[in-house]
Amino acid sequence: MPVVRALSNAAKQALQGSGCGCQPLTVAVRHISFSPRQVTSDASFHSVSFSETDHPKVLITGGLGQLGVGLANLLRKRFGNNNVILSDIRKPPSHVFHSGPFIYSDILDYKNLREIVVNNRITWLVHYSALLSAVGEANVSLARSVNITGLHNILDIAAEHGLRLFVPSTIGAFGPSSPRNPTPDLCVQRPRTIYGVSKVHAELMGEYYHHRYGLDFRCLRYPGIISADSQPGGGTTDYAVQIFHDAVKTGKFECNLKPDTRLPMMYIDDCLRATLEVMEAPAESLSMRTYNINAMSFMPEELVAEVQKQLPDMQVTYKVDHVRQAIADSWPMNFDDSNARKDWGWKHDYDLPELVQTMLNFIGSDSRIARAN
């Protein structure tokens, strides 16, 4: 069995949450030969605004995760339905499949990925495929394959075909030796999870490809992202999503972090808008290739207090997951995102009260519809 196929099947099982129980995987190393373009270090060949040219043709990998479907909807409204292709290795729900172009794409299959880019004339690539923090710690070899080997395929294809590439980073890219409150864009990182290590690797490789080959690489360090239309996916910050589902459905919530664990957070609408804004920003406005973005920073007990203003009968207990707590204790408490605000005008819309009201309205209306049916 080819190594790529073995990795693909393992990745499929993990991302479907079936628990593959794999043995350590052998990573195939592929050598490419594309000629570096002689361009200036600011990659100004991508600075023409899309109002003056055709709309971008966008491919989103890992598109069935927390962010992909929402970003596809946002980009389709802006660029047209057929200009945004969602992809994953899982079968999409019916409403996603019928909402716009969807194709099977395995980031560990270089040939398949390259064919998709060429055949669909892709110009923007948004790379969301990754195993998250807690899931990655449970299967390090698989996380290394998906988060690092898969990234190398993406970087090579993006450089070869002159794509504008977005790869998200995370609060997990920092470690216990990083300044935590606030955490600036440039500082010591040294994460202690495979997820964090792979994200630092992505940041540095993207910056290297930008300076070496002129790749138009763009990256945002996301805080914890909170959304109502997806289930928690194994991340350390997912307690801040789970609380809303549990509050509406059962009126009881068990938090797996200590009540005073402060972490930076953001509502998904702000996150998706920031992603579009940094992708549309003129290259000459970007003073760096990786930016922190932030909206709010809170502790579980502060989130609980805000939810209880709306649902005063909600019962909360704390049962600390020591793996997640250790991860959270090594992460930033607050992000300094002043460079993003200065360079390309980043500004968030949702603070904690607006976040809580929006989430409860969304999940509460879904629950009422489900009960009615």
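Q: What is the handedness of the crossing of α8 and α10?
A: In this predicted model, α8 and α10 cross in a right-handed manner.

Q: And how are the two helices placed, in angle and distance?
A: Helix α8 (residues 239-249) and helix α10 (residues 300-310) have axes that come within 11 Å and cross at roughly 30 degrees. Angles under 35 degrees count as roughly parallel, and α8 and α10 are therefore roughly parallel to each other.

Q: Which residues make that contact?
A: From α8 the contact takes Tyr239, Ala240, Ile243, Phe244 and Ala247, and from α10 it takes Pro300, Leu303, Val304 and Val307. By class, the contact of α8 with α10 consists of nine nonpolar residues, with no polar and no charged ones.

Q: What does Trp344 touch, beyond residues up to four places away in sequence?
A: Trp344 touches Leu220, Ala274, Glu277, Val278, Ala281, Leu286, Tyr291 and Ile293.

Q: What about α6 and α7, at what angle do they pack?
A: α6 packs with helix α7 (residues 194-213) at about 15 degrees, and their axes are 10 Å apart. That makes α6 roughly parallel to α7. Their crossing is right-handed.

Q: Which residues of α6 and α7 meet?
A: Among those in α6 are Val140, Ala143, Ile148, Leu151 and Asp156, and they meet a set in α7 that includes Ile194, Tyr195, His201, Met205 and Tyr209. By class, the contact of α6 with α7 has 11 nonpolar, five polar and two charged residues.

Q: Changing topic: which residues of helix α4 are buried?
A: In α4 (residues 110-119), Tyr110, Asn112, Leu113, Ile116 and Val117 are buried. Their cover includes β1 (58-61), β3 (102-104), β4 (124-127) and α6 (140-160).

Q: What happens just after α4?
A: Arg121 takes a positive phi of about 55 degrees there.

Q: Where is Lys252?
A: Lys252 is in strand β9 (residues 252-255). Setting aside neighbours within four places in sequence, Lys252 contacts Asp246 and Gln315. The C-alpha atom of Lys252 is separated by 8.1 Å from that of Thr317, a residue 65 places away along the chain.

Q: And the chain as a whole, how many helices and strands?
A: The chain has 13 helices and 13 strands. Of its 373 residues, 53% are buried.

Q: How many of the contacts join residues at least 24 apart?
A: Among contacts between residues at least 6 apart in sequence, 79% join residues at least 24 apart.

Note on methods: Residues numbered from 1 in each chain as written. Predicted model: local features only at pLDDT ≥ 70, side-chain atom pairs only at ≥ 80, totals over all residues. Heavy atoms only, no water. Contact = heavy atoms within 4.5 Å. Helix = DSSP H or I, 4+ residues; strand = E, 2+ residues; numbered from the N terminus. Axes fitted to C-alpha atoms, helices over the stretch in contact; angles between N-to-C directions. Parallel < 35°, antiparallel > 145°, perpendicular 65-115°, else oblique. Left-handed = near helix turned anticlockwise from the far one by under 90°. Nonpolar A, V, L, I, M, F, W, Y, C, P; charged D, E, K, R; others polar. Buried < 20%, exposed > 50% of the residue type's maximum accessible area, 1.4 Å probe, protein only.
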